[in-house]
Amino acid sequence: MTLRPGGRRVPGGESSACREHPVLVGVAVLCGAGVAGGLLVAALALPAVGGAGILTRSAAHDLFEVPAMLREAPLPERSRLLDKDGRQFAQFYVQNRQSVDIGKIAPVMLKAIVAIEDARFYEHGGLDVKGTLRAIITNTRAGSIQQGGSSLTQQLVKNVLLQNARSENERDQARAPSVRRKLQELRYAMSLERKYTKDQILVRYLNIAYFGGGAFGVQAAAHRFFGTPAAKLTLEQAATLAGAVRTPYFTDPTLGAEHKERLMERRDLVLDRMAQLKMIPQVRADAAKATPLALHLRPEPGGCSESDHPFFCLYVQKEVIGNPAFGRTLAERERRLFRDGLTIRTTLDRTAQAAADKAIAAHVHPKDDQVAAEAMVEPGTGRIRALAASKRYGANPDESKDGPRTTYNLPADMAHGGGQGFQAGSTFKIFTLATALAKGWRFDQGFNTPGGFSPSSGYKDCSGRKVNAPGTVVHNAGGEGKGGPYSLATGTWQSVNIFYMMLERDVGLCDVVRTARSVGIARADGQPLKEVPTFTLGVNEMDPLTVAAGVAAFGARGRYCRPMAILEIAERHGRRTGIAPSCTQAVEKDVADAVNHILTGVFTRGTMKGQGIGRDAAGKTGTNNGYTSAWFAGYTPDLAAAVSLGDIRGAYKYPLTDVEIGGQHYGGVQGATLPGPIWVRSMELALAHRPATSFHHPDLNRFGGGSTPGLAPEDQLADPRLAPGERDGRERGEQDDERDETRPGERRLRRHWHRPADQRHWHRFWTRPEEDAWIPWPDWHHSRPHRYRPTWEHPQHPYGPRRYRHHG
């Protein structure tokens, strides 16, 4: 579509060579007039250049020998980060630009730019001799630039040459007020007129031009100046932008009142010119001139420091720049992110992110030296839903290390902008627990533990090397259990260090390490895991995201998925690439179910007693030796999260004892003191509007029972299906007369007592393996409560294979 000076559009799909052949006419005139005529035209096009030096053979040579085809590299575009619902939360760019086609630019904007920059644009072939002469006269009379001397095509050429420049010297050459440069510009302009239609040239110019305020291209300028897309620009707004493009720095409204006044003068000049060309009535121009600029300057922040969710933004940035999947070299990956105009849809869930931010802010302040960080991950996909920290992202004044800001991505590992992390503490007992269950241990199986323990023998790393530490004595952390009999369940609930050191020795240190590695556990600093006897006590420095992804595997019944932050990448020309989860079955499903069953007791009978979230949840506290750091890692089938807390100045030098955090004083911070409540609050908020999902029941035939000498009956694990106050089918305090002495690795059935909790229910009464009958409880055996006597196994029982005993 072509625009006439009067505002009327006419078809413009054909090349300009077919429109009155202006390029051919121009070339013929130049050839006929000779070298002097050609140079005169060039001089007219650049009024400031003249003198004896103009009449040179080299200048004439440049006009005809310079390559006719202009190299047009793709324009730098801004890349955008979107949350999972498609809302932008960050952007990257070297030039804030978003190219649009002509259909997304308001027609009045096209008129305004033509009016002020090249009124005869649709009539000439790249060089407007008549328009240039008029501009010389007008500008000379006014004593300032009132009209452009170069055609829009020539201005496009100049901008392309500036974009192509690879050094400051090349940029200076592209701007040099020389005859040589002007002749090159003319030659390229004529070639573009052959290559493109007028509308194509115009839209290319509007996409490449700088409008001031850091806005490149008309779309970015419309957003920057008025908070609107280019398609919705009004007459007044279009005239303002058209006026800014000639002297963008001189009229940049972000630089103060004087610059705004100059911009208004330029706007009024454009309106008068549009009325003069009959594009708008003079009365409409006068009315527009009477209005204020009505700027709605909208910041266009670039980079993560100005994002609403900087830690998530930084993770994505590091993922793109550091991952060879996005480019073979670092330079290629940086170019893709900062120049190629990617639209990256991420896994960010704003509800979960707001929940984590709010929970942390309620307990830890940005000015505190102690820092809390949290990562949230979706089990079964690895999708990162939130990354939060107590400090704001960015540099402190005077680059101080102490202050409310940090440049570390605290929830993530070093590869994604994080630091060295904090020791994960007893959260690592989860991996020892899983290893023991996989090797045949049962819930109530355990042993007596001493008050102190020396790992003097029985520990080998995965290379087969003995790593015993006979000179080390391990004690239980304060508030996390003491010596005595502990089972797999009670040792976990009370987080008994010595029990877990002995358990790790029995199941094998290397096997525990392998379990941890299978669910993605790796040190925050990228170094190999420390395979030492205290591995189960969490001596390795970790980041919350890695730990959250690791425990999320148990929420997904053993399916580990590598943390992922990117769902889809859309390139500027429409090509889309989806990113699928990368998952493996790291832990057997039945083992994961058993782990979940024990870890739910942490909230009901363990270190987090009384701090549940009102739905099925499993988790583990972590308190390090000497209170150097504190953790909580937990999960539901729908969401997993890990929270760490430590001193940013150095965990060993500044332990979490006798400290003030978030305005509260703490004698010592444990996993349940601060990380636990932060986890609880964030999970409550993140899952508030989602239906609860339950864990799968464990296979009690495989994992139920077990024996621990001296273990009190009330400390044995209850069947999760029974009502409160009942344990494994027995009234509290009753003893099983046939204790199971099964050793690790054996797969015998434990005999269970069973009494229905509600007599109104119908219950299946097993008579013989080949037949069964439904009998209502009140009519069964004179309505007396009964117990079952052991008879035989029935694998199709709704709760799994059972042996029952029945007596009156």
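Before we start on the sheets, one term: two strands count as paired if DSSP finds at least two bridges between them. Keep in mind, too, that this is a predicted model.

With that in hand, start with the open sheet whose five strands run in the order S9-S8-S22-S21-S20, with antiparallel pairing. Which strands stand at the edges? They are S9 (384-389) and S20 (618-623); each has a single partner strand, so one side of each is left without a neighbour in the sheet. From one strand to the next, the twist averages 5 degrees. At the S9 end, S8 (residues 370-377) pairs with S9 in the antiparallel sense, over five bridges. If you want to find that pairing on screen, look for Ala373, whose bridge partner in S9 is Ala389. Helix H21 (residues 589-604) packs on this sheet, where it touches S20 and strand S21 (629-635). The direction of H21 makes about 60 degrees with that of S20.

Now move over to another open sheet, again built from five strands, in the order S4-S3-S7-S17-S18. Here the pairing is mixed. S4 (88-92) and S18 (576-578) stand at the edges, and since each has a single partner strand, one side of each is left without a neighbour in the sheet. The twist in this sheet averages 20 degrees from one strand to the next. Further in, S7 (residues 343-346) and S17 (residues 566-570) pair in the antiparallel sense over four bridges, and Thr343 stands opposite Ala570 in S17. This sheet has a helix on it as well: H13 (residues 310-322) lies across S3 (79-82), S4, S7 and S17, running at about 45 degrees to S4.

Which of its 32 lining residues are the closest to the centre? Those are Glu77, Ser99, Val100, Arg572 and His573. Two elements, helix H5 (152-164) and helix H8 (198-208), each give two or more residues to the lining.

The axes of H5 and H6 come within 8 Å and cross at roughly 170 degrees. An angle over 145 degrees counts as roughly antiparallel, and these two helices are therefore roughly antiparallel to each other. On the H5 side, Lys158, Leu161, Leu162 and Asn164 make the contact, meeting Glu170, Arg171, Ala174 and Arg175 of H6. The residues of this contact divide into three nonpolar, one polar and four charged.

Technical notes:
Residues numbered from 1 in each chain as written. Predicted model: local features only at pLDDT ≥ 70, side-chain atom pairs only at ≥ 80, totals over all residues. Heavy atoms only, no water. 1 Å grid on protein atoms, 1.4 Å probe; cavity = no way out; pocket = protein on both sides within 12 Å on 5 of 7 lines; lining within 4 Å. Axes fitted to C-alpha atoms, helices over the stretch in contact; angles between N-to-C directions. Parallel < 35°, antiparallel > 145°, perpendicular 65-115°, else oblique. Contact = heavy atoms within 4.5 Å. Nonpolar A, V, L, I, M, F, W, Y, C, P; charged D, E, K, R; others polar.
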